[in-house]
Amino acid sequence: MVVDSLRITEIFLSVQGEAATAGYPTVFVRLTGCPLRCVYCDSEYAFYGGDKYPLDDLVQQVKDYGVQHVCVTGGEPLAQPGCLALLSELCDLGLQVSLETSGAMSLEGVDKRVSIVMDLKTPASGEVSRNKYDNIGLLECKDQLKFVICDRQDYEWAIFKVNEYDLTRKVGSVFFSPSYEQLTPLALAQWIIEDKLPIRLQTQLHKALWGDKPGV
């Protein structure tokens with residue numbers, strides 16, 4: 001399929017606030033549209049609207065920022081078929097490319113050079129039924145899995161899934177992240193310590209710096 005353009009909500013340079021590359025200056029390319037409606041979503045403004053960007057112009061804009069890391073996010077970026085071409089062209093520039101995805105869309109066709117950061121949606125997200133568990137078999141040690149934890153039930157469910165799919169051996173890192181303003185990082189940290197889990201606690205650095213603002 002020939003891809004001429006993608007619908008984009010925003011492109012901006014910030015500090016990566018999550019996952020294995022947290023702290024690095026990163027260009028974020030936020031694609032418009034998402035089929036999910038998680039209760040804690042912080043990017044609802046990306047569900048609709050956006051502007052069409054020719055693929056070549058979009059890639060050039062990313063290149064012009066002059067940093068090594070780029071994150072393709074959403075919404076749900078894989079909801080746009082053109083996302084696959086964008087990922088490959090960014091990799092061709094020699095950039096460190098990551099993809100933030102909900103896990104509800106197939107990972108088939110994602111360039112092997114991309115570091116995938118995939119969610120598994122917990123019960124309290126409201127979208128647990130959308131998890132596409134076949135995707136786990138496509139993940140590698142360069143990839144990461146994230147659980148956004150809203151409450152103790154989510155925590156126990158996440159532990160069950162980590163064990164069921166042997167996730168700490170499957171991917172480079174498994175992150176438990178407290179849902180913003182629903183569960184305190186301290187509470188989640190204490191649970192992880194008490195259970196001696198081989199899990200990485202993840203807080204959202206960008207929110208600690210700028211609050212719950214879009215585009216930073």
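In the predicted model described here, E10 is placed in strand β1, which spans residues 5-15, where helices (H or I, at least four residues) and strands (E, at least two) are DSSP runs numbered from the N terminus. Residues are numbered from 1 along each chain as its sequence is written, and side-chain values use heavy atoms, with hydrogens and water left out. Because the model is predicted, local features need pLDDT of at least 70 and side-chain atom pairs count only at pLDDT 80 or more, whereas totals for chains, interfaces and linings use all residues.

With a relative accessible area of 16%, E10 is buried, a term that denotes under 20% relative accessible area, as against exposed for over 50% and partly exposed in between (1.4 Å probe, protein chains only). The side chain of E10 makes a polar contact of 2.7 Å with the side chain of R30, and a further polar contact, of 2.6 Å, joins E10 to the side chain of Y45. A polar contact is here a pair of N or O atoms within 3.5 Å; within protein, one atom must be able to donate a hydrogen and the other to accept it, and residues adjacent in sequence count only if both atoms are side-chain atoms.

A search of the whole structure finds seven aromatic pairs, defined as rings of Phe, Tyr and Trp (its six-membered ring) whose centres lie within 6.5 Å, with planes under 30 degrees apart counted as stacked, over 60 as edge-to-face and the rest as tilted. F12 and F28 form a stacked pair, with 5.2 Å from centre to centre and 15° between the planes. This pair links distant parts of the chain, since F12 lies in strand β1 and F28 in strand β2, 16 residues apart. Both F12 and F28 are buried. Y155 and W191, in turn, form a tilted pair, at 5.2 Å centre to centre and with 50° between the planes. Y155 lies in helix α3 (residues 152-164) and W191 in helix α5 (residues 185-195), so this pair ties together parts that are 36 residues apart in sequence. Y155 counts as buried at 0% relative accessibility, and W191 is likewise buried, with a relative accessible area of 16%. Ring pairs link F147, Y155, W157, F176 and W191 into a cluster.

Charged groups also lie over rings, which requires NZ of Lys or CZ of Arg within 6 Å of the ring centre and within 35 degrees of the ring normal. The charged end of R152 sits over the ring of W191, 4.9 Å from its centre, while R37 lies over the face of F47, at 3.8 Å from the ring centre.

The buried residues of α5 are A187, L188, A189, W191 and I192, and they pack against β7 (144-149), α3, β8 (173-178) and β9 (200-201), contact meaning heavy atoms within 4.5 Å. In helix α2 (residues 83-92), the buried residues are C83, L86, L87, L90 and C91. They cover an arc of only 135° around the axis, which puts them on the same side of α2; the arc is that of the directions from the helix axis to the C-beta atoms. The buried residues of α2 pack against β1, β2 (25-31), α1 (55-65), β4 (69-73) and β5 (96-101).

Not counting residues up to four places away in sequence, L90 touches V59, V62, V70, V72, L95 and V97.

Several backbone features were noted in the loops. Most residues other than glycine have a negative phi, and most peptide bonds are trans. A19, in the loop between β1 and β2, has a positive phi near 70° and counts as buried at 10% relative accessibility. K196, which follows α5 and lies in the loop between α5 and β9, has a positive phi of about 55° although it is not a glycine, and counts as exposed at 72% relative accessibility. α2 is followed by G94, whose phi is positive, near 85°. Finally, a cis peptide bond with an omega of about 15° joins G74 and G75, and G75 is found in the loop between β4 and α2.
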